[in-house]
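Let's take a slow walk through this protein together. Keep the picture in view while you read.

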Amino acid sequence: MTQTATGIPGYVTITEPQPIEALTRTAADLLAAHPDLPAPRYLSVSEGGQEISLQFDDDPSSFDALARWAEQFGATVTGEPGTDTEERPGVFCQADFSHDGAHVHAYAYVRTVTAA
């Protein structure tokens, strides 16, 4: 393991904050470069959070959609059972990965018959 003069290990990739314009271009490029992947129903970009968020539908098809995005980018889909604001059972699923220096958060609250 090599360290830089600052004491940061060489395997740590340092990223610089990106302006909203750059994050928006990165989000558009991400979707355009992967037309074979399911499209999110909602996209948001946060300069403050340095994040691109992809929200998918609340139906079971989102399990597959998130799995396909996760597989493409080497991420893992995690899920947490719960209830939504109307007390309907479901699973909050998410996959997080990086694309062109931006953090991407793909997620869905999938309504189910019963929570796991």
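This is a predicted model: local features need pLDDT of at least 70, side-chain atom pairs count only at pLDDT 80 or more; totals for chains, interfaces and linings use all residues.

Two strands pair if DSSP finds at least two bridges between them. Helices (H or I, at least four residues) and strands (E, at least two) are themselves DSSP runs, numbered from the N terminus.

Residues are numbered from 1 along each chain as its sequence is written, and side-chain values use heavy atoms, with hydrogens and water left out.

**The overall layout**

The protein chain has two helices and five strands, and along the sequence they come in the pattern α-β-β-α-β-β-β. Its C-alpha atoms fill a box of roughly 55 × 30 × 25 Å along the principal axes. Of the 116 residues, 30% are buried, where buried means under 20% relative accessible area, exposed means over 50%, and partly exposed is in between (1.4 Å probe, protein chains only).

What about charge? There are 5 positive and 17 negative side chains. Lys and Arg count as positive and Asp and Glu as negative, while His and the chain ends are not counted. The centres of the two sets lie 7 Å apart, with each charge placed at NZ of Lys, CZ of Arg, CG of Asp or CD of Glu.

**The sheet**

Strands of a sheet pair through backbone hydrogen bonds, either parallel or antiparallel. Here, five strands make an open sheet in the order β1-β2-β5-β4-β3, with mixed pairing. At the edges sit β1 (42–46) and β3 (78–83), each pairing on one side only. From one strand to the next, the twist averages 20°; for angles like this, axes are lines fitted to C-alpha atoms, for helices over the stretch in contact, and the angles run from 0 to 180 degrees between N-to-C directions.

Strands β4 (residues 89–99) and β5 (residues 102–111) run antiparallel and are joined by 10 bridges. Alanine 95 stands opposite alanine 106 in β5, and serine 98 has histidine 103 as its bridge partner there. β3 and β4 are also antiparallel, pairing over six bridges.

| Hairpin | Residues between the strands | Residue with positive phi |
|---|---|---|
| β3 and β4 | five residues | glutamate 87, near 65° |
| β4 and β5 | two residues | aspartate 100, near 50° |

**The helices**

Helix α1 (residues 20–33) lies across β1, β2 (51–55), β4 and β5, and runs at about 150° to β1. Helix α2 (residues 61–73) packs on the sheet too, touching β2, β4 and β5, with its direction at about 20° to that of β4. Contact here means heavy atoms within 4.5 Å.

Is histidine 34 buried or exposed? Histidine 34 counts as buried because its relative accessible area is 13%. You'll find histidine 34 in the loop between α1 and β1. Leaving aside neighbours within four places in sequence, histidine 34 is in contact with Gln72 and Phe73.

Now look for phenylalanine 63 in helix α2. Phenylalanine 63 has 34% relative accessibility, so it counts as partly exposed. Not counting residues up to four places away in sequence, phenylalanine 63 touches Cys93, Val110 and Thr112. Phenylalanine 63 and valine 91 are 28 residues apart along the chain, and their C-alpha atoms are separated by 9.7 Å.
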